Amino acid sequence: MRAHAIRTSGLSLLAVLLLAPPCFGDDALRLPEGVANARAQAVSPQAIAEYRRKLAEYQEARAAYEQDASAYWSAIADKRRARNAKRRNGESVSLDDYVLEQPPVYDGPKRPVDPMPAEPEEQPRPRKYIPVVADLLQAASAQFQFAPQRPSAEVEFKRAYARAAKASGLTREQAVRVYAFETGGNGTHDMQSGLSASRPNSRAISTAIGYNQLLTTNSVELLAEQGNHLLGELNAKAARLTGPARKAMDHKIAVVKRMIAFTRTVPDEWAAHEKLADTPQGWAVHALVLDIDVGPWLQTHKLLTSVKFARMKGYLQPLTAAELEMMNLTGDGTGLDMVTMPDEMRDVVPTANFFQRSGYERNPVAVRHNTVAKLLAVTDRRMDSASNNPGARELFAAF
């Protein structure tokens with residue numbers, strides 16, 4: 001089941017693991033004696049002493065800030081656990097169940113520049129490789145002898161997406177505005193977070209792909225939890241086909257069955273699905289988002305799971321596109337926490353309540369728009385603007 005943090009995407013909000021506070025102490029002011037002597041030959045003792053004085057001031061200020069920040073984010077986590085417990089017990093949640101102060105901001109001195117010549121840098125640790133579309137296609141071929149059926153034109157995929165959205169009960173407004181927000185209103189079915197044709201040297205920043213930017217883990221989880229429903233849809237399509245088209249669909253169905261079996265080899269938990277997703281077989285499963293029969297189904301059902309979650313929790317009002325996006329981005333439980341909040345509380349509850357520390361500190365949108373009301377409002381504004389772009393207008397027309 002989904003219980004995950006905010007994913008990474010070009011227009012998405014970000015959130016992942018907590019930062020570990022740095023260690024401060026006298027050892028941080030000392031250099032190994034041989035190194036210090038060799039490097040100090042070109043720098044005056046006065047410059048070294050001044051640097052060490054400023055470094056000590058910086059570290060003292062930073063340590064005080066870290067103490068305050070750690071206490072704040074611990075309070076955020078404690079309040080979140082308490083809210084979850086109240087909801088499990090059927091109790092109502094009030095303003096007292098949120099941290100109402102904004103996070104502390106470091107306003108001390110900057111770290112001084114070391115005047116001594118730097119030692120040769122150690123070889124940087126290589127970044128974890130993020131698979132791109134070419135990797136997914138290669139994995140699908142190697143692991144499952146499968147090639148996704150790609151659209152002959154982007155509008156073909158949009159029409160399939162619109163059909164899937166309508167069949168699942170999503171509204172045109174929800175589908176188009178989420179697409180506009182996630183892709184900037186011009187995204188293609190194979191658009192990947194961080195990559196842009198207009199930026200030749202851009203690199204993928206996550207595995208999020210498509211109209212509402214599914215991660216590898218999303219694809220694995222959807223197949224594990226709703227694979228039988230998908231097979232029903234594909235079998236219904238197959239019954240209407242003949243000849244080579246029927247043969248191709250039968251092969252696709254056989255592949256999807258094998259993929260479903262793979263996704264169900266672990267417990268139905270986000271962490272377990274995440275591990276499967278980071279394997280060649282998991283990359284192959286993610287290639288399904290590119291297939292014109294399966295991709296639209298996966299993408300729209302990712303949104304549909306949020307709608308169903310809200311209803312299951314007793315929230316029967318139609319979700320606005322911005323509210324649905326909050327659930328799409330942050331996970332259903334966290335998103336519903338914001339969605340069900342009365343307007344008067346939205347104006348005062350800081351967005352920090354819905355983030356882990358590092359995700360918040362790396363997210364300028366959440367920092368600048370630092371209450372629930374402001375965050376929902378900026379999401380709506382971005383949707384308004386991007387909905388006027390050609391891709392969004394084309395998707396609108398596909399409905």
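Which helix gives the largest share of the positive patch? Keep this question in mind while the predicted model is open in the viewer.

Begin with the whole chain. It contains 17 helices and zero strands, and buried residues account for 46% of its 399 residues. Among contacts between residues at least 6 apart in sequence, 73% join residues at least 24 apart.

Next, select Arg 159, Arg 163, Lys 166 and Arg 172, which form a positive surface patch. Helix H4 (residues 154-168) supplies the largest share of this patch, namely three residues. Arg 163 is placed in helix H4; this residue is exposed, with a relative accessible area of 54%.

Now turn to the salt bridges, of which there are 21. Select Arg 177 and Asp 384: their closest N and O atoms are 2.8 Å apart. This pair links distant parts of the chain, since Arg 177 belongs to helix H5 and Asp 384 to helix H16, 207 residues apart. Arg 177 is buried at 13% relative accessible area, whereas Asp 384 is partly exposed at 43%.

Move on to Lys 237 and Asp 293, whose side chains form a salt bridge (3.1 Å, N to O). Lys 237 lies in helix H6 and Asp 293 in the loop between helix H9 and helix H10, so the pair ties together parts 56 residues apart in sequence.

In the loop between H9 and H10, select Asp 291 as well, together with Lys 252 in helix H7.

Finally, select Glu 50, Arg 53, Lys 54 and Glu 57, which a network of salt bridges links.

Conventions
Residues are numbered from 1 along each chain as its sequence is written. This is a predicted model: local features need pLDDT of at least 70, side-chain atom pairs count only at pLDDT 80 or more; totals for chains, interfaces and linings use all residues. Side-chain values use heavy atoms; hydrogens and water are left out. Helices (H or I, at least four residues) and strands (E, at least two) are DSSP runs, numbered from the N terminus. Buried means under 20% relative accessible area, exposed over 50%, partly exposed in between (1.4 Å probe, protein chains only). Contact means heavy atoms within 4.5 Å. Patches are made of residues with over 30% relative accessible area and no salt bridge: like charges are joined within 9 Å, nonpolar side chains (Val, Leu, Ile, Met, Phe, Trp, Tyr) within 5 Å. Accessible areas come from the Shrake-Rupley method with a 1.4 Å probe; for residues, only the protein chains shown count as cover. A salt bridge is a side-chain nitrogen of Lys or Arg within 4 Å of a carboxyl oxygen of Asp or Glu. Lys and Arg count as positive and Asp and Glu as negative; His and the chain ends are not counted. The place of a charge is taken as NZ of Lys, CZ of Arg, CG of Asp or CD of Glu.
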